[in-house]
4 protein chains.
Amino acid sequence: MIKTVSVVGGDLRALTLAELLEKDGYEVIVCGFDKSIDTGELRTAKTLCDALDSEVIVLPIPASGDGIYINAPYAEEKLSMDEFFSCIGPSKLVLAGHVSKKLADRFAAEGVACIDYYNREELMVKNAVPTAEGAVEIALSEMPVTLYGSSALVIGYGRIGKILTSILLALGAKVTVSARRLGDIAWIESVGAKAIYTDSVAAYAGNFDVIFNTVPSIVIGEEALAAMKPEALVIDLASVPGGVDIEAAKSLNRRIIWALSLPGKTAPISAGRIIKDTVQNILAELEVG
Amino acid sequence: MIKTVSVVGGDLRALTLAELLEKDGYEVIVCGFDKSIDTGELRTAKTLCDALDSEVIVLPIPASGDGIYINAPYAEEKLSMDEFFSCIGPSKLVLAGHVSKKLADRFAAEGVACIDYYNREELMVKNAVPTAEGAVEIALSEMPVTLYGSSALVIGYGRIGKILTSILLALGAKVTVSARRLGDIAWIESVGAKAIYTDSVAAYAGNFDVIFNTVPSIVIGEEALAAMKPEALVIDLASVPGGVDIEAAKSLNRRIIWALSLPGKTAPISAGRIIKDTVQNILAELEVG
Amino acid sequence: MIKTVSVVGGDLRALTLAELLEKDGYEVIVCGFDKSIDTGELRTAKTLCDALDSEVIVLPIPASGDGIYINAPYAEEKLSMDEFFSCIGPSKLVLAGHVSKKLADRFAAEGVACIDYYNREELMVKNAVPTAEGAVEIALSEMPVTLYGSSALVIGYGRIGKILTSILLALGAKVTVSARRLGDIAWIESVGAKAIYTDSVAAYAGNFDVIFNTVPSIVIGEEALAAMKPEALVIDLASVPGGVDIEAAKSLNRRIIWALSLPGKTAPISAGRIIKDTVQNILAELEVG
Amino acid sequence: MIKTVSVVGGDLRALTLAELLEKDGYEVIVCGFDKSIDTGELRTAKTLCDALDSEVIVLPIPASGDGIYINAPYAEEKLSMDEFFSCIGPSKLVLAGHVSKKLADRFAAEGVACIDYYNREELMVKNAVPTAEGAVEIALSEMPVTLYGSSALVIGYGRIGKILTSILLALGAKVTVSARRLGDIAWIESVGAKAIYTDSVAAYAGNFDVIFNTVPSIVIGEEALAAMKPEALVIDLASVPGGVDIEAAKSLNRRIIWALSLPGKTAPISAGRIIKDTVQNILAELEVG
């Protein structure tokens with residue numbers, strides 16, 4: 001039975017995680033929250049190495065942006081990965097989010113067990129809700145018309161596409177969704193949206209007041225951008241490289257909003273709860289296993 | 001058959017109205033849009049009196065804030081009501097929004113026909129959509145949690161309450177609605193929300209992450225404010241005097257957002273289309289009558 | 001405080017009412033359930049007059065079909081209204097459903113207080129749910145196509161029209177709703193249905209796979225019937241005289257299903273609970289008053 | 001370019017398919033519809049062998065129940081598979097539904113190309129709609145309470161489970177869904193239902209008024225059946241062997257409705273359209289390929 005957990009680095013999501021774990025009866029230590037944030041009654045480690053005494057160490061999403069320092073925006077002083085690896089013992093378990101290939105290799109080389117919780121199916125599904133809500137917030141804020149009655153295109157019918165489609169339909173938008181496979185086309189129609197193939201987006205692009213992209217490859221190229229209504233808005237939710245030909249968008253003067261990492265920005269406490277549920281699932285599986 | 005319409009004063013809603021009327025074949029003159037706004041190819045009156053040549057004159061919402069000047073935020077020079085009445089002929093029809101008692105009396109005294117389109121049932125119903133979307137935008141923007149899974153209270157089950165309830169349910173919030181009458185209580189339950197009586201709001205106030213008020217009298221008094229979760233958000237959509245005891249809210253340090261006239265702010269083009277539909281209905285009824 | 005209630009006549013709804021009142025602590029007597037129905041542990045009156053000892057007597061919906069006998073389909077022997085009035089004392093309160101003008105006059109003449117619970121707003125709203133579900137059941141059962149993707153017309157946007165519209169939209173039907181007033185037209189559009197005026201039903205009648213009528217006057221006349229698709233289905237939910245020109249329908253060989261009193265037929269236990277809630281509201285108001 | 005298609009055997013679905021193919025410009029021959037059904041202006045083959053002249057032959061769902069005769073309920077005389085194979089040439093393409101292993105082997109042995117359209121993802125997704133509507137129709141018809149307010153369990157969150165869940169939620173039922181995987185649990189919660197693990201169905205079985213099963217293995221065993229409310233209804237939508245321990249259900253006197261092949265029964269014309277779309281997709285892919 002794991003009893004001690006440290007939460008090292010991260011933002012309000014990580015702090016929410018720490019608070020929820022403590023409520024659940026774990027002994028929790030936090031580290032990297034000594035600037036402009038209130039840690040309440042949580043126990044705070046004096047140094048990074050002090051924080052690595054717990055059985056389980058949780059690093060944020062992403063664990064590290066540059067591979068050199070832990071991602072810790074609320075730390076007074078930077079937390080170095082070198083120090084982390086010099087102090088951590090081989091018996092520890094690290095749970096980290098969005099671990100780069102290079103960092104994963106270093107964990108392996110150092111002989112420290114690391115599980116990337118950002119890959120977990122349940123986290124990705126649950127994160128689709130704050131992502132979709134964040135996308136809707138942007139649309140509501142940026143468009144001079146109501147979503148009710150607007151024509152919206154959702155590119156891609158994966159997790160985010162599904163939840164976004166359902167919200168847009170509920171708001172009364174006229175929703176078209178693009179997908180690649182016949183089975184997804186059938187699904188899209190069964191929920192009451194219009195379906196098109198993703199490779200025909202350019203042919204339909206002129207019909208929409210707002211286009212949400214969820215596909216991480218250039219699906220909105222020059223032709224689609226040229227066909228758009230000039231006042232239409234593109235909200236790109238896809239991770240790097242995104243789905244928009246940025247140069248063409250600039251030269252055509254199209255309105256593109258690149259909205260990344262929405263859960264942490266628009267609903268950090270919900271996002272922290274989602275991480276907590278996921279961490280708990282991982283620990284439960286380890287104990288059963 | 002009315003053929004000529006002037007749109008005098010107002011914001012992007014009024015300009016949208018002017019453009020749509022012109023598209024429909026009316027000869028349109030606009031007045032009061034000579035500063036920081038693009039009137040495109042619309043015919044612009046040189047003076048207020050020039051604008052009053054048309055058969056129908058449309059004034060904005062509200063027609064006048066102070067009774068002295070027409071509400072014309074994009075006018076380089078103020079448009080005075082005195083000049084308006086000195087130029088307008090007795091055969092003209094004025095359609096104006098949210099006309100004060102005093103202004104209505106002046107129209108009567110001057111012998112100029114004036115219809116207040118802001119009172120029309122269809123406009124009030126249609127405006128509930130941008131109002132509810134605006135309220136949801138504020139909630140999405142201000143809350144650190146998703147609306148999905150949040151506990152929301154909607155006070156009042158009139159036009160805005162009904163549409164807001166339906167959107168919040170669709171987003172996955174746990175929605176409670178308050179009303180006064182048994183019939184409304186039955187309606188609220190039939191759409192899948194929990195119902196309480198408005199006079200028991202204080203007893204339930206501690207349960208909610210967000211409270212939307214639509215009732216224009218003090219329904220969120222000191223007791224309810226004291227009972228609220230400290231981090232809960234109140235979004236007050238009710239017109240003056242609003243529904244919140246402001247002094248108590250301040251002394252208790254509660255988060256209150258007073259959100260008035262949302263349609264014109266969050267969806268001015270949709271709001272302009274709604275005014276256009278309403279103006280058209282009024283003209284059609286006059287011609288039939 | 002009322003403590004004793006008799007439930008005289010009626011069907012499974014009345015029996016459900018009796019059981020629920022007993023669960024709430026009332027002393028309950030039932031009468032008229034001695035044939036083909038199981039009254040469980042409920043106390044049964046030997047004669048109609050024995051049943052009239054309680055403080056409150058509940059009669060069914062309708063209280064009497066012919067004015068001569070109480071509506072009591074599960075009574076071995078008929079229960080006569082004459083005997084009812086000869087035994088009942090002047091201090092009793094009768095709660096009865098759908099009381100005819102003639103019967104109401106008799107109650108007045110006999111000096112017996114009678115409240116018609118069928119007129120109560122909350123009962124009418126709540127009954128709209130089983131009515132709409134019953135209408136959907138008929139459509140699902142009778143149509144060779146799915147409601148998903150079908151074109152449906154709902155005539156009238158009152159209680160039943162509203163709930164039926166919302167269910168049909170949720171099932172993925174293409175829904176048009178007719179109404180008479182501009183405000184209702186705006187409401188219909190705001191929930192995502194298409195709106196037409198009720199007096200133009202004939203002009204649109206050819207577009208629909210199924211037509212639900214909720215208006216109790218002839219809105220589907222010869223012209224509309226002639227314009228319908230031959231295979232289309234009409235489900236008439238309106239009380240007498242219904243909304244269909246029956247002779248024209250016969251000569252044109254149209255499929256009309258006249259579906260009356262659906263709550264008691266398709267969901268008698270839910271309908272009984274609704275009556276119980278209403279009876280309870282009436283008693284509570286009497287005690288407060 | 002394929003120009004000629006025969007539709008051999010089947011029910012109203014097959015006839016709908018034939019009519020739609022003819023409307024699309026194919027030369028269509030039908031065979032096996034000479035008893036109690038109206039083939040309108042479709043060309044009818046005199047013998048089975050005459051029908052096998054077309055380039056493509058479509059057999060129904062299932063193609064054959066016993067491997068000896070083609071499934072042809074509207075054929076005056078039985079259509080034998082032996083005759084079918086003796087007449088059909090090697091250049092023909094057969095599209096058949098739900099082909100048994102044995103029949104597939106025979107097609108291979110005879111050197112006749114056969115594609116099973118019943119396995120196609122888009123058909124399975126689209127068929128989930130009439131299946132779910134049929135299940136709802138049964139529940140509406142058999143339950144003495146409204147689905148609104150009822151507690152419903154859906155076992156399995158595949159195609160049918162997803163669509164059924166969404167309809168039940170829209171009707172206002174309190175919906176719990178069971179699944180096996182964490183990712184599905186997250187999906188279920190994201191659409192607003194309660195989620196449980198399928199292996200814990202017995203522990204929760206006492207909570208529901210109606211249980212829909214979509215999993216084709218015994219998930220409702222003796223323990224679950226014993227725990228159910230006596231008046232609860234089980235609607236089993238799973239193909240053979242179904243999901244209910246039938247013997248235990250009998251000895252416990254539980255209400256089980258085994259509802260198979262709903263699309264063809266409750267919405268044969270919609271089911272025929274779905275087959276037509278699928279046949280068309282297959283032909284289009286063959287021509288591209």
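I began with the domain assignment of chain A, which gives domain 1 as 4–119 + 267–288 and domain 2 as 123–258. I note that the model is predicted.

Next I looked up how the two domains sit. The C-alpha centres of domain 1 and domain 2 of chain A lie 34 Å apart. Domain 1 of chain A puts seven residues into the contact, and domain 2 of chain A puts in five. I found five nonpolar residues, two polar and no charged.

I turned to chain A as a whole. I counted twelve helices and twelve strands in chain A. Its C-alpha trace spans about 60 × 40 × 35 Å along the principal axes. Chain A has 289 residues, and 54% of them count as buried. I also looked at sequence separation. I took the contacts in chain A between residues at least 6 apart in sequence; 58% of these join residues at least 24 apart.

How many residues of chain A are in contact with chain D? I found 14 residues of chain A in contact with 14 residues of chain D. I asked which helices of chain A each supply at least two residues of that side. They are helix H5 (121–142) and helix H7 (182–190). I sorted the residues on the side of chain A that touches chain D. Eight are nonpolar, three are polar and three are charged.

Methods
Residues numbered from 1 in each chain as written. Chains lettered and ligands numbered in written order. Predicted model: local features only at pLDDT ≥ 70, side-chain atom pairs only at ≥ 80, totals over all residues. Contact = placed C-beta atoms within 7 Å. Helix = DSSP H or I, 4+ residues; strand = E, 2+ residues; numbered from the N terminus. Nonpolar A, V, L, I, M, F, W, Y, C, P; charged D, E, K, R; others polar. Buried ≥ 20, exposed ≤ 12 C-beta atoms within 10 Å, placed from the backbone. Domains from an automatic or database assignment.
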